[in-house]
Amino acid sequence: MIDKGDPRVPRRRTLDSPRWDAIRRLVQNRMALVGGIIVLALLILAVFAPVIAPTHFSEGDLEANNATPGARFLLGADFMGRDMLSRLIYGARISLTVGFIGAVTAFLIGISYGTISGFFGGRTDAVMMRIVDILYAFPTILFIILLMVVFKTTISPLSGNAFTRGLIAIDRYFGGLLFIMIGIGLTSWVDMARISRGMALSLRETEYIQAARALGAGNGRLMFRHLLPNLIGPCIVTVTLRIPRFIATEAFLSFIGLGVDPPTPSWGMMISEGTKVLRSYPHQAIFPGIALALTMLAFNFLGDGLRDALDPRLKQ
Amino acid sequence: MASYIIRRLLWTIPTLLVISAISFFLMHAVPGGPFAGPDLSHLAPEVIENLNKYYHLDEPVWKQFLDYLWNAVRGDLGPSYLERNRTVNDIIAQHLPVSALLGLCALAVAMAIGIPLGIISAMRQNRAGDYIGMFVAVSGVSVPEMTLGPLLIWIFALRLKILPVAQWGSWQQIILPAFTLGFGSAAILARLTRASMLQVIREDYIRTARAKGLSERRVTVHHALRNALIPVVTVIGPLFAALMTGSMIVEQVFAIPGMGRFFVWSVLNRNYPVIMGTVLLYAVFLIIANLVVDIMYAWLDPRIRYN
């Protein structure tokens, strides 16, 4: 019986696994912490928007349009008298949803595709990667713009069958967000597939995979229980660092009018409306711009922090 | 090496084919045509029918696609539906140089800001200069052009009144858009240069140079920089291609008559040939840029060639 109070026995920290090491490193990184807090704050704002925002995003007082920041409208009002602060808070919903959906699609589809391709190698890999290369060469923004125009014009409430009408209903419920999510989802996975395929290829030849195979593990089991856990770390980092791009894409689509439908507030659309009155009421374009930049900054800090935390070379 | 290049070049053909097919059929999935819009509704239906017939829009889509390919291969990218007497080739010839010039200026800004920033950060690693430099770098990557553009316009054009607000023509009008577009790339270059410099200054030959008694400046500029800039230089090509094809946002904000803005306008107005032409053009640029990078890496790392 070893007495734990005995000073000759070396004490082990209870939280000592690599995972806790990574988490500790992440939390110690100040910039990543700031980023994480901002993301959390945005999440809270988005989820509890109806409670936090002073007014509903479509409530406008036309008598007070273009109001400058003051007592009644903390960040001013837009051209229809709608409170900027409320619209910014509701706008967080759009941006975060788009970022999240893009990330999830990229993660699920991209990793599966890439792992399968890299693991099997040979012919399968060649074919699958050809497809990815071709899609990769397609200028993404142009593709999404084309997709959005197709969605917005073909799927009209008057034509089509129950399926498309169902889609439109969902779309309207989300304020015009569904098709953007489909568009971004369709283009986000390509990048991820490439990266995970590269990693799967290199991990395929490692000893522990060969050992598992020698022990009789089937392909599925090898991929799922052995390859995947090692891929997930870098993939999470990559996906987090891609989220700002998804958010910026949605903002741009809304900027040119191919995004959400008004009156749903999207920061991109608010910037677009604001630039029209930039000379007289700069706050209408600057505030959503700051919101957008802050969000992207937060995710970038978080992603950088994650990358540094999960970097095996920094292990103590 | 040669076989690698030839293989890659041959693959561009099916790639372009698939891309053009996808774009073409997507475009034609949009109902209505270029002549079905509300501003042309005053025309008699027979006129619209004649227009459609003239531009072969009443033929089956696959036939239109093959016709388009046949013409494109011979260099004719079709007429512009919404402007008489202008072909897509004319439009590209007129607007592409604008985007190219903008991209070039943005690249110059990126290099002028990014590379020195990266060098300074590397030389003052983990001290104040490093943190400031890297903070600027992360901001550059995070602040989108949609935020930076209006902000810069407001500060420099509307409040300080030292630069023009928007549009294109004089050299002053290039400054703000070039900076907006190039700031993000400056951040990327800064990070890359810093990482590369950090690796290089730990090399033995740098230590030798210092031991020989050379001044810090000579060590940095003459010995370290030369090698540190190699990975940076490989990135410049694709960076320029990305800047040129990614200038849509800046062109919208600053009302610059470049290809990006024209593309958006064409998509919203169903100007099919212009849409196709732009997509193919941009795709070609990106493919060539990626090809150049891949060739350079294959040259540097022989294992890639024999894959």
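The following questions and answers concern a predicted model.

User: How many helices and strands are there in chain A?

Analyst: Read along the sequence of this predicted model, chain A follows the pattern α-α-α-α-α-α-α-α-α-α-α-α. The counts for chain A are 12 helices and 0 strands.

User: Are helix 11 and helix 12 of chain A roughly parallel or roughly antiparallel?

Analyst: Helix 11 (residues 267–276) and helix 12 (residues 283–310) of chain A pack with their axes 7 Å apart, at an angle of about 155 degrees. Angles over 145 degrees count as roughly antiparallel. Therefore helix 11 of chain A is, relative to helix 12 of chain A, roughly antiparallel.

User: How many nonpolar, polar and charged residues does the contact of helix 11 with helix 12 of chain A have?

Analyst: From helix 11 of chain A, the residues involved are A:W267, A:M270, A:I271, A:E273, A:G274 and A:T275. They meet A:Q284, A:A285, A:P288, A:G289, A:A291 and A:L292 in helix 12 of chain A. By class, this contact has 7 nonpolar, 4 polar and 1 charged residues.

User: Which helix of chain A supplies the largest share of the side that touches chain B?

Analyst: In total, 37 residues of chain A are in contact with 35 residues of chain B. Helix 5 (122–137), helix 6 (140–154), helix 10 (219–255), helix 11 and helix 12 of chain A each supply at least two residues of the side that touches chain B. By class, that side of chain A has 28 nonpolar, 7 polar and 2 charged residues. The largest share, 10 residues, comes from helix 12 of chain A.

Notes. Residues numbered from 1 in each chain as written. Chains lettered and ligands numbered in written order. Predicted model: local features only at pLDDT ≥ 70, side-chain atom pairs only at ≥ 80, totals over all residues. Axes fitted to C-alpha atoms, helices over the stretch in contact; angles between N-to-C directions. Helix = DSSP H or I, 4+ residues; strand = E, 2+ residues; numbered from the N terminus. Parallel < 35°, antiparallel > 145°, perpendicular 65-115°, else oblique. Contact = placed C-beta atoms within 7 Å. Nonpolar A, V, L, I, M, F, W, Y, C, P; charged D, E, K, R; others polar.
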